Amino acid sequence: MNKFIDLRSDTVTKPSPEMRKTMAEAEVGDDVFKEDPTVNKLEKFAAELLGKEAALYVPSGVMGNQICLNVHTQPTDEVICESDSHIFNYESGSPAALSGIQLLPINGKQGVITPEQVEPFIRPKSAYYMPRTKVIEVENTHNRAGGTIHPIENIIVLEKLADKYGLKKHLDGARIWNASVATNISVAEYASHFDSISCCLSKGLGAPVGSIIAGDKDFITEAYRVRKSFGGGMRQVGIIAAAGLYALENNRERLIEDHEKAKMLANVIDKNPNFKIDLSAVQTNILIFEPLTLSVDEALEKCKEKGLLLSVGRVGSLRAITHLDVSDEDVKETIRILKEVFE
Ligand SMILES: Cc1ncc(COP(=O)(O)O)c(C=O)c1O
């Protein structure tokens, strides 16, 4: 078997020949001196796209989120988030280690927490013996919930709640591009309800590395200082920023094709009695489904033997993600392999 169909993540894409050409030809300079013209161009383009005053290129989505949380908080503060969120489950406990803060996770539905759920958890200002609530965090689309979209109506009421209590609002928009093409709501409209946003260039959009954080000028000035302190100052990084810019300019609209492929796969999986899937959660490019006749480990192994790579979703479930490097043929072959393994 020399070629796997790799549905483990939308991060597994390889830069296309055109993207590589753009990278090879990128003008570069020392970005720690702010002298990399390609990074400067990417940050300007991203800030405009996101409707924010300024943006900063960072090495990863985790660093993007953690810089934003650090800027918004002081040690001993608390951040409210959804219990399946990436910052709570998949960022190595770094809010505690890097910023001395704690997270307060609240169980949501398809990744969404409502103001009615959140308000009772906001700590009273007078309670000096409690942590101080500082930030409400939202993830859109929501990875662990299966690529679900956070409804804009709920974002607006969460924003009102945060404003009522003087809290900061942070958006983990690693896949905000997917939410935007699925709903026709611009990324700027989504970002307008938050003080900060972190979004990935290396998921779905096909760039090999990098994320963008955006906010107002004062926020980014501070974020620039924190990025350096976290070891994220980079030098002639225009080489990879060029791929990020290429991805933003060329690969956003086509995400709709990934969503169509995910829906197609979900419908087939739904009809197979050996699986359980919640079709209402398949809103973008992620599918989470339970194998009923094999364990998750057995299913992963047997699919791999046939040339299909899947990953683990929530406990007891499989995850498949469609992306730029998954063709129509790959979808057909995936359907064939799943049928063979599960019948
Ligand atoms: C929702 C979400 N936020 C943040 C990240 C972190 O991105 P990175 O892997 O670039 O650090 C991911 C990665 O999958 C993610 O899914």
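## Sheet and domains of a predicted model

Strand S7 (residues 196-200) runs antiparallel to strand S8 (residues 211-215), the two pairing over 4 bridges, where pairing requires that DSSP finds at least two bridges between two strands. Within this pair, Ser-198 has Ile-213 of S8 as its bridge partner. The model is predicted, with local features needing pLDDT of at least 70 and side-chain atom pairs counting only at pLDDT 80 or more, while totals for chains, interfaces and linings use all residues. Residues are numbered from 1 along each chain as its sequence is written.

Both strands belong to an open sheet of 7 strands with mixed pairing, in the order S2-S8-S7-S6-S5-S3-S4. Because S2 (54-58) and S4 (102-106) stand at the edges with a single partner strand each, one side of each is left without a neighbour in the sheet. From one strand to the next the twist averages 20°. Helix H10 (residues 217-229) packs on this sheet, touching S2, S7 and S8, and its direction makes about 20° with that of S2. Helices (H or I, at least four residues) and strands (E, at least two) are DSSP runs numbered from the N terminus, and angles run from 0 to 180 degrees between N-to-C directions of axes, which are lines fitted to C-alpha atoms, for helices over the stretch in contact.

The chain is divided into two domains, with bounds from an automatic or database domain assignment.

| Domain | Residues |
|---|---|
| domain 1 | 17-250 |
| domain 2 | 254-341 |

Taken over C-alpha atoms, the centres of domain 1 and domain 2 are separated by 28 Å. In domain 1, 16 residues are in contact with 15 residues of domain 2, contact meaning that C-beta atoms, placed from the backbone, lie within 7 Å.

Notes. Contact = placed C-beta atoms within 7 Å.
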